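Here is a short tour of one protein model. Have a look at the structure first, then read on.

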Amino acid sequence: MAMKPEIPLCVPCLSGNEWPHVKDALDTNWVSYVGPHVRRFEELLSEASGAPFAVAMNSGTSALHIALIEAGVGLDDEVVMPAVTFVAPANAVRYCGAWPVFVDVRPDDWQMCARQTREFLTLGCERTPRGLVNRQTGRTVKAAMLVHLLGGMGDVDAFAALAAEFGLCLVEDGAECLGASYKNLGMAGPNDHIDPTRRIVATSFNGNKIVTTGGGGALLCHDEGVARRAKHLSTTAKADPIEFYHDAIGFNYRLTNVSAALGVGQMECLPEYVTRKRAIAERYASALGGIPGIVQTHPEPPQCRSTFWMYTVRLDRPARPVVDALAAEGIVSRPLWRPMFELPHLRAAALWGELPATRALCANSISLPCS
């Protein structure tokens, strides 16, 4: 019996000048993290994101880890974040020896809920000489992590204002929204609600992202000192160009020139990719809207122009049997992530409330083929 042809979930599009850029990196023997393609890739990221400083790294998780270190997050601190996310941002918090505090998402657009975050910071915490302390755990809350989900963007203004009001740093996980815009600015554009030294954005170039370097990420910011320290820490904190003198605990996190060459070719096509992704989303919305069993098609948050990175719908039933049924027809789909508080290594993290929108969204949502 012939196998059904497989429709993949999301595969990279290599349609630009990736080959000549990578060939140039190889021909010139610039293969490590030093090289002209790294610099050019960082320039293109700055232009597209609206952040004047970009530091390319070997993964989005690495960028998040460095961002949290820059935010002063350390042992037994806490970071408030949404319970709906890929595991990477929660893992990055744990890399620092800190703990997440999970809040709900908004049911209308699936982005982190600023109202509930304010409730936690106001009712669940108290201001002390050592900072904002979680009444439940006794830990100090150091940062808010706004995770921009599925190509859309959360309310940056609201979270920047919250972070400033409560003395927190704002770290944004923009792994899924490169090419998106917020209030007509790039995804890491300037924000007047918070000191630029207190806001850092990370993004990802994993194989399924809208722009890929195979694996990679970047830290984006508006302060030169933050960028300089991030580059230093991600290059093993080597403090002397000749001597092997390292002045801090550093990390081998920099992106290679070969990977950056691939990224340069990808970035040159970013506007085209975003246009195509939005066209796919429009076609899905037109075809699936009003179909019984589909409760909600992929929303676009207000004040955001989404990339619709992974087109997702919420069903009126558990997702996994539908995913299995589609697989039997040769169509690859995926359930949305498990709620972070259900993962074994995160069960000791604090929750604020029952998180009903998180539970419903994670149980009943599937992501559809969207290459």
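Trp-30 sits in the loop between α1 (18–27) and α2 (36–49); helices are DSSP runs of H or I with at least four residues, strands runs of E with at least two. At 40% relative accessibility, Trp-30 counts as partly exposed, the class between buried (under 20%) and exposed (over 50%).

A note on ground rules: this is a predicted model, where local features need pLDDT of at least 70, side-chain atom pairs count only at pLDDT 80 or more, and totals for chains, interfaces and linings use all residues. Residues are numbered from 1 along each chain as its sequence is written, and side-chain values use heavy atoms, leaving out hydrogens and water.

How many disulfides does a search of the whole structure find? The search comes up with 0, a disulfide being a pair of cysteine sulfur atoms within 2.5 Å.

| Cysteine | Nearest cysteine sulfur | Distance |
|---|---|---|
| Cys-177 | Cys-304 | 7.5 Å |
| Cys-370 | Cys-10 | 4.4 Å |

Cys-177 is buried, at 0% relative accessible area, and Cys-370 is buried too, at 2%.

Zooming out, the protein has 11 helices and 17 strands, and buried residues make up 56% of its 371 residues.

Notes: Buried means under 20% relative accessible area, exposed over 50%, partly exposed in between (1.4 Å probe, protein chains only).
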